[in-house]
Amino acid sequence: MIASDAPSGARLTSDDAVALYRRPLFDLAGDAFEARAARTDAAVVTYLIDRNVNYSNVCNVGCAFCGFYRTRRQDDAYTLSFEEISVKLRELEAVGGTRVLMQGGVNPYLPFEWYLDLLSYLGTNHPTIRVEAFSPEEIKGMTKLTGMTSTEVLRELQAAGLDGLPGGGGEMLVDAVRHASHVSPARISTDEWLAIMADAQRLGLYTTATMVIGFGESPAQRVESLMRLRDAQDRALAEHGNGYSAFIAWTLQTKGVRIEGKAPGAGAFEYLQHVAVSRLVLDNVANVQASWPTMGYKVAQTALFAGANDFGSTMLEENVVSQAGATHRATPEREMVRQIVDAGFEPRQRDSLYNVIRTPDVAAMLAPPAAAAAPA
Ligand code: SF4
């Protein structure tokens, strides 16, 4: 495997990894598939039934790639009530969902108690739903609000019912890229993002890592970002065994947002190349997700042959990347299963910890309506 790029069994160096971007795509994808098969069942592709809830779109960070945020005074600024969030979770429960991914803007007008009360409310009213919420940027906002450290903030949120943190805001863990004037000068820094994730992992909270390509970064900067993650994962696994459960990459979405025309973005070829490089570099992260909401089903299916072992989640609702041009539409479980089967894999429903919890009845699920209705 990747014999031309690293000594057999050796870890990829940064130079090795940069060189991977020059390899023919299908050779690279083949090596990444081999690396995936060594870590996870090569015949199986997993998926999660979940939904996103974006509790508030008020934000004071102002990323140029974001079409979601509003200032407090804009007409369509909102903060959902606990009851409105609860209705969304009931819809999730009705389709067998197990996880809500809850993110909002960095809203300085919400007191810290609001978050604690929300978590308690959800724990009481929706005890079977895992709550993964508040990316490091939001946690940083809460530290400013309260004067507490991120560990203190996280400890209180965990006591109120928080199960994990989404990997939002990872983007590119290279400050020269993330803080560039055309991207987001006010964004949480790489060191802060990694430190808050490390705090969360130390407390036993679940975490994932995300990455966005297409800001105009070089292959060396993409690799630098991956190496920061690999190093952080090494430390987490050595210190307490709770590191990033999964890695998810997608391409910058630019439609109708301020960064449009100022960043090159990235197409399907670069995305697939990057999924494969990520799988090979992140040899200490077990799961790599394909991103159908940003790349579409066909490219996401192809990513399953380039190192991805998971098709992501049904996402009953998504309001962030879809407001910057992503082609997201809610995907019922049946469609997830169809995409996985059409790509030649066996689908398995998982929980957000990547435990397989169910094997769907593919024949019944994909039967044409008439056949499904016929008597046995
Ligand atoms: S990406 Fe997040 S932090 Fe940046 S403007 Fe949008 S909501 Fe705010």
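Trainee: Where is Tyr354 found?
Mentor: Tyr354 is found in the loop between strand 10 and strand 11 (356-358). Helices (H or I, at least four residues) and strands (E, at least two) are DSSP runs, numbered from the N terminus. Keep in mind that this is a predicted model, where local features need pLDDT of at least 70, side-chain atom pairs count only at pLDDT 80 or more, and totals for chains, interfaces and linings use all residues. Residues are numbered from 1 along each chain as its sequence is written, and side-chain values use heavy atoms, with hydrogens and water left out.

Trainee: What should I look at in the backbone there?
Mentor: Look at phi. Most residues other than glycine have a negative phi. Tyr354 has a positive phi of about 75 degrees, although it is not a glycine.

Trainee: Is Tyr354 buried or exposed?
Mentor: Buried, with a relative accessible area of 14%. The cut-offs are under 20% relative accessible area for buried, over 50% for exposed, and partly exposed in between (1.4 Å probe, protein chains only).

Trainee: What is the phi of Glu171?
Mentor: Glu171 has a positive phi of about 40 degrees and is not a glycine either. Glu171 sits in the loop between strand 5 (164-165) and helix 7 (175-178), and at 6% relative accessibility Glu171 is buried.

Trainee: Now salt bridges. How many are there?
Mentor: The rule is a side-chain nitrogen of Lys or Arg within 4 Å of a carboxyl oxygen of Asp or Glu. By this rule the count comes to 19 salt bridges.

Trainee: Which residue does Arg350 pair with?
Mentor: Arg350 forms a salt bridge with Asp310, and their closest N and O atoms are 2.6 Å apart. Arg350 lies in strand 10 (residues 346-350) and Asp310 in strand 9 (residues 310-313), so the pair ties together parts that are 40 residues apart in sequence. Arg350 is buried at 1% relative accessible area, and Asp310 is buried at 0%.

Trainee: And what does Arg228 bridge to?
Mentor: To Asp191, with the closest N and O atoms 2.8 Å apart. Arg228 is in helix 9 (residues 219-239) and Asp191 in helix 8 (residues 190-202), so this pair ties together parts that are 37 residues apart in sequence. Arg228 is partly exposed at 30%, and so is Asp191 at 48%.

Trainee: Which residues are linked in a network of salt bridges?
Mentor: Asp50, Arg99, Arg130 and Glu132.

Trainee: How do I describe two helices that pack together?
Mentor: Two packed helices are described by the angle between their axes and the distance between the axes. Here the axes of helix 10 (residues 268-281) and helix 11 (residues 292-303) come within 10 Å and cross at roughly 35 degrees. Axes are lines fitted to C-alpha atoms, for helices over the stretch in contact, with angles running from 0 to 180 degrees between N-to-C directions.

Trainee: Which residues make the contact?
Mentor: Ala268, Tyr271, Leu272 and Val275 of helix 10, together with Met295, Val299, Thr302 and Ala303 of helix 11; contact means heavy atoms within 4.5 Å. These residues divide into seven nonpolar, one polar and no charged. Ala, Val, Leu, Ile, Met, Phe, Trp, Tyr, Cys and Pro count as nonpolar, Asp, Glu, Lys and Arg as charged, and the others, Gly among them, as polar.
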